[in-house]
Amino acid sequence: MKKVFLLIAVVGMAIAQGFSKDAKDEQQPNPNAPVITFDQTTFDFGTIPYNGNGECEFVFTNTGKEPLIIQNCPSTCGCTVPTCPKNKPIKPGDKEVIKVKYNNTNIPGSFTKFFTVYSNATESQVTITIKGIVAAKE
């Protein structure tokens, strides 16, 4: 009985080690992978006039060696609307823009909003922040 238990333990450890090796092999980074590099990841509007323009842009470059593909860029709420170049291959060295519209400039007070850019880059998720203060209605 002890021999059977020992045999099962040895086989189990060998299988676990095999899976561990496969997981390590899968985690090898692609040296040619696309890299998304933003000029900035936070935009501070400062003070926006009541009902003012809540638009801004985030410029990014593919600094990797393979085409970059933005899969999605959802926001955390409906008041922040990002428009990104989804599913369009961005060649190495090329720049693109994500336009963002903050729709609540009719609500006075401070705000901080986020959205996430999902891509095939080495850093597959990048969080972008917009913030500012909407001035009181005159």
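A residue counts as buried when its relative accessible area is under 20%. In this predicted model, Thr116 has a relative accessibility of 16% and therefore counts as buried.

**Thr116 and its surroundings**

Thr116 has its place in strand 7. Leaving aside residues up to four places away in sequence, Thr116 touches Asn72, Cys73 and Pro74, and also Gln125, Val126 and Thr127. One of these contacts, Cys73, is itself buried and is joined in a disulfide to Cys84.

**The disulfides**

The structure holds two disulfides, and when the bonded cysteines of the protein are numbered in sequence order, their pairing is 1-4, 2-3. The two links are set out below.

| Disulfide | S to S | Torsion about the S-S bond | Handedness |
|---|---|---|---|
| Cys73 to Cys84 | 2.3 Å | -100° | left-handed |
| Cys77 to Cys79 | 2.5 Å | about -55° | left-handed |

The disulfide of Cys73 and Cys84 has an S to S distance of 2.3 Å, and it links distant parts of the chain, with Cys73 in the loop between strand 4 (70-72) and strand 5 (80-83) and Cys84 in the loop between strand 5 and strand 6, eleven residues apart. Both Cys73 and Cys84 are buried. In the disulfide that joins Cys77 to Cys79, Cys77 is partly exposed, with a relative accessible area of 23%, whereas Cys79, at 9% relative accessibility, counts as buried. The link between Cys77 and Cys79 is left-handed because the torsion about its S-S bond is about -55°. A further cysteine, Cys56, is buried as well, with a relative accessible area of 7%.

**The largest nonpolar core**

In soluble globular proteins, nonpolar side chains tend to be buried together. The largest nonpolar core here has 24 residues, of which Ile36, Phe38 and Val117 touch the most other members. Two or more residues are given to this core by each of strand 1 (36-38), strand 2 (42-48), strand 3 (55-62), strand 6 (95-102), strand 7 (109-119) and strand 8 (125-134). Among these elements, strand 8 gives the most, with four residues.

Which residues does Ile36 touch, not counting residues up to four places away in sequence? The contacts of Ile36 are Phe60, Thr61, Leu68, Ile70, Val117, Ser119, Ala121, Glu123 and Val126.

Conventions: Residues are numbered from 1 along each chain as its sequence is written. This is a predicted model: local features need pLDDT of at least 70, side-chain atom pairs count only at pLDDT 80 or more; totals for chains, interfaces and linings use all residues. Side-chain values use heavy atoms; hydrogens and water are left out. A nonpolar core is a set of buried Ala, Val, Leu, Ile, Met, Phe, Trp, Tyr and Cys residues joined through side-chain atoms within 4.5 Å. Buried means under 20% relative accessible area, exposed over 50%, partly exposed in between (1.4 Å probe, protein chains only). Contact means heavy atoms within 4.5 Å. A disulfide is a pair of cysteine sulfur atoms within 2.5 Å.
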